[in-house]
Amino acid sequence: NRFWLWVTWIGDTGPRVAITAAASVAFAYRRHWREAILLPVVTAVEVLFNSGLKLLFARTRPALIEHLDQVVSLSYPSGHSAHSAALFLLLGTFAAARVRKAWPLLSAAAIVILIGLSRIVLGVHWPSDVVGGWAVGVGFALLGSSVVSARVRERH
């Protein structure tokens with residue numbers, strides 16, 4: 001269970017905010033202004049959107065097993081899944097575009113999958129909660145990466 005608690009911790013608010021801030025500062029330092037601004041904006045809007053969906057669906061968490069993680073919010077869609085998909089897949093697409101290789105995006109996808117699975121293993125989400133969260137996060141990652149891609153195409 002320690003492994004899954006550690007994996008789920010990566011998707012917690014604190015680590016996500018720290019990763020977002022560090023990446024945005026790094027992008028700004030390298031004068032990649034669009035990525036520096038887009039990353040925190042897209043991830044913040046995704047968090048608000050996902051919170052609105054939780055209120056709309058008002059789905060309670062599963063009670064099949066004792067929760068191995070402390071949770072107080074509603075269940076659908078999974079915030080950890082949505083937020084980590086938006087953040088890590090957006091970072092993965094930015095990195096993959098820079099190095100022109102697939103490994104950054106594949107690595108990001110592996111992290112996102114593990115975080116989603118951790119929520120099921122810890123008993124705090126139904127599988128459909130995680131899939132719904134992934135759908136939200138992937139949508140926002142695609143939105144953010146399309147804005148950056150459009151700007152890159154304009155320059156060439």
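**View 1. Arg 31, after helix H2, in the predicted model.** Arg 31, which follows H2, has a positive phi near 65°. Helices here are DSSP runs of H or I with at least four residues, numbered from the N terminus. The model is predicted: local features require pLDDT of at least 70 and side-chain atom pairs pLDDT 80 or more, while totals for chains, interfaces and linings use all residues. Numbering starts from 1 along each chain as its sequence is written, and side-chain values use heavy atoms, leaving out hydrogens and water.

View 2. H2 spans residues 13–29. Its buried residues (under 20% relative accessible area, 1.4 Å probe, protein chains only) are Pro 15, Arg 16, Thr 20, Ala 23, Ser 24 and Phe 27. Among the elements covering the buried residues are helices H1 (2–10), H3 (33–57) and H4 (79–99).

**View 3. The largest nonpolar core.** This core, a set of buried Ala, Val, Leu, Ile, Met, Phe, Trp, Tyr and Cys residues joined through side-chain atoms within 4.5 Å, has 25 residues. H4 contributes the most, with nine residues. Phe 27 and Phe 88 are among the residues with the most contacts inside the core.

**View 4. Surroundings of Phe 88.** Leaving aside residues up to four places away in sequence, Phe 88 touches Ile 10, Ile 19, Ala 108, Ile 111, Val 112 and Ile 115 (heavy atoms within 4.5 Å).

Key. Helices (H or I, at least four residues) and strands (E, at least two) are DSSP runs, numbered from the N terminus. The expected span of a helix is 1.5 Å times one less than its number of residues. Buried means under 20% relative accessible area, exposed over 50%, partly exposed in between (1.4 Å probe, protein chains only).
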